[in-house]
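User: I would like to go through this model term by term, with each label set against its cut-off. Please start with the pockets and then turn to the salt bridges.

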Amino acid sequence: MEELEIKLKEAGKIARLTNKTFRFDERIKDGYFSANYFLKSRYIVENFAPNHIVEEQFFQRADDVMACGLDESVALIHTFARNPQDLKILALKDGDMISKNEPVLKIIGKYEDFGFLESLIDGILTRRSAVATNTYRVVKALRGADTFSMADRQDDYLTQKGDGYASYVAGIKKFSTDAQGEWVGVKGMGTMPHALIQICDGDILKASRLYHKAFPNEKVTALIDYHNNVVRDSIMVAKALGPNVLRGVRVDTSKALIDHYFDDKDTSGFDPHGVCKELILALKKALVKEGLDWVKITVSSGFNAKKIEEWTRLGIPVDCYGVGTSLIKNDTVGYTGDLVMLDGKREAKEGRGDYPSERLEEVPYLL
């Protein structure tokens, strides 16, 4: 993809992507994904009220949001609008922080040329901005700790490319799948699922050794909660494999379980279910006691920005967080497109209007 045409700018944002990056369904041009009333409106306008110049602006209604999906929306317009070279497009950049009612995109031109794309643009901006904002909040909560995205398993596989890109914009650079990193040239990563241990008859050590045999140039991060005895099994694996083979362990205890470490301990002062702080503190203490402090600790299962913020604030000894569901949930971001100008004069439904912005930049037509 011509090196994906991606370059990091001094501000840490990503240079604009083009039509060469995105892979659109060709049926978009026929209106297959457009709300039907937009198609009817296009027919009416082009046959009975053509050639009016309108301005459409897109905005959302929440503060502290990271805008994303703008390059994809521009590429969509340039690919499927009629006469795209005649449209004037003003946009923010992916990764810009925005406030409620702030316009992120304005399109000026003939309605019949681009209006049918409105709902697609709303959807792109909403999904990408939601994932970017969720990721931004997670990255902020990490306080510099490492992380990777496990969001591939939380939604339809077709969402992976766009979700991965949005997370990349917001600061997560490691992904579970190649698809998540395709738009930014990042390959998927990871070591083993519970399934590999199951195939090894529940033997975590055997699974780890087979992994190293298959991938001798990669250190192993052993998935360590298979027997729900994290502290015991981490010590066992670390002693058996050593630092030349083992990088660390990943704790992925289900919220429905209490680790066997707590079988003979008083847990009345905290919730011992799942991957809790007390389990990780106990694991770290045991590793240090056994001279195994080199073992890296990765945690996953149910981590979101709020939980991560608490853990990093308290200094819980975690080297890497695996985050999934919380990256793609959306209960805050929703975009709306409105026509606000008609032939150079203000014209919009009551309650809406042209929101001025000095941050929008004109995007040239490059095809």
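Analyst: A pocket is found on a 1 Å grid over the protein atoms alone, as an open set of points with protein on both sides within 12 Å along at least five of seven lines, whereas a cavity is a set of points where a 1.4 Å probe fits but cannot get out; lining residues have an atom within 4 Å of a point. Grid points are joined across faces, edges and corners, and the volume is the space filled by probe spheres set on them. The model is predicted, so local features need pLDDT of at least 70 and side-chain atom pairs count only at pLDDT 80 or more, while totals for chains, interfaces and linings use all residues. Residues are numbered from 1 along each chain as its sequence is written, and side-chain values use heavy atoms, with hydrogens and water left out.

User: Which residues lie nearest the centre of the largest pocket, and what is its lining by class?

Analyst: Of the 41 lining residues, Phe148, Met150, Ser300, Gly322 and Val323 lie nearest the centre. Ala, Val, Leu, Ile, Met, Phe, Trp, Tyr, Cys and Pro count as nonpolar, Asp, Glu, Lys and Arg as charged, and the others, Gly among them, as polar; on that scheme the lining has 12 nonpolar, 18 polar and 11 charged residues. Elements that each supply at least two lining residues include helix H4 (118–142) and strand E10 (320–323), helices (H or I, at least four residues) and strands (E, at least two) being DSSP runs numbered from the N terminus.

User: What makes up the lining of the second largest pocket?

Analyst: The second largest pocket, with a volume of about 680 Å³, is lined by 22 residues, and Arg23, Phe24, Glu72, Arg128 and Leu158 lie nearest its centre. Its lining divides into 11 nonpolar, 4 polar and 7 charged residues, and the largest share, 5 residues, comes from H4.

User: Why is the contact between Arg128 and Asp163 called a salt bridge?

Analyst: A salt bridge needs a side-chain nitrogen of Lys or Arg within 4 Å of a carboxyl oxygen of Asp or Glu. The closest N and O atoms of Arg128 and Asp163 are 3.8 Å apart, so the pair meets the criterion.

User: Why does Arg128 count as buried?

Analyst: Buried means under 20% relative accessible area, exposed means over 50%, and partly exposed lies in between (1.4 Å probe, protein chains only). Arg128 has 11% and is therefore buried, and Asp163, at 6%, is likewise buried.

User: How do you know that Lys106 and Asp354 form a salt bridge, and are they buried or exposed?

Analyst: Their side chains meet at 2.7 Å, N to O, a pairing that links strand E5 with the loop between strands E12 and E13, 248 residues apart. Lys106 counts as buried at 6% relative accessibility, and Asp354 counts as buried at 18%.
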